[in-house]
Amino acid sequence: MAHYKAADSKCEQFQKYLRKSGLLDTLTKMLVALSEEPEKANSAMDFLKHHLRAATPENAEIELFCIQLAEMKEKYEATLEENKRLKAKLAQ
């Protein structure tokens with residue numbers, strides 16, 4: 001009986017993880033979209049793959065985010081250096 005409860009607990013933890021990550025919500029929305037399609041796709045899996053790809057950012061968008069992140073890191077480092085310099089100036 002203890003083994004059964006442990007398996008239940010793992011299952012519940014996994015379900016919480018899926019809910020928290022938003023995967024269950026996304027899959028539910030995609031399945032609802034599939035069920036509402038007037039002409040069903042030949043393969044439900046292909047429908048899901050197509051819609052998952054549409055939900056992910058494009059490479060150009062990812063590249064833009066990486067550039068923005070690098071710029072923000074540079075600004076952050078410059079701000080830290082300025083802060084350090086100003087603290088040293090105040091300490092004099």
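This is a predicted model: local features need pLDDT of at least 70, side-chain atom pairs count only at pLDDT 80 or more; totals for chains, interfaces and linings use all residues.
1. Of the 92 residues in the protein chain, buried ones make up 5%.

2. On the fold, the protein chain has four helices and zero strands. Read from the N terminus on, the order of elements is α-α-α-α.

3. Now to the charged pairs. Two salt bridges turn up when the whole structure is searched. In one of them, the side chains of Lys 29 and Asp 25 meet at 3.3 Å, N to O. Both residues belong to helix H2 (residues 23-36) and sit four residues apart, about one turn of the helix. Lys 29 is exposed, with a relative accessible area of 55%, whereas Asp 25 is partly exposed at 43%.

4. Arg 85 and Glu 82 form a salt bridge as well, with 4.0 Å between the closest N and O atoms. This pair lies in helix H4 (residues 59-91), with a spacing of three residues, about one turn of the helix. Arg 85 has 47% relative accessibility, so it counts as partly exposed. Glu 82 is partly exposed too, with a relative accessible area of 40%.

5. Finally, a look at Leu 52, which you will find in helix H3 (residues 44-55). Is Leu 52 exposed, partly exposed or buried? Its relative accessibility is 40%, so Leu 52 counts as partly exposed. The C-alpha atom of Leu 52 is separated by 9.1 Å from that of Leu 27, and the two residues are 25 residues apart along the chain.

Terms used: Residues are numbered from 1 along each chain as its sequence is written. Side-chain values use heavy atoms; hydrogens and water are left out. Helices (H or I, at least four residues) and strands (E, at least two) are DSSP runs, numbered from the N terminus. Buried means under 20% relative accessible area, exposed over 50%, partly exposed in between (1.4 Å probe, protein chains only).
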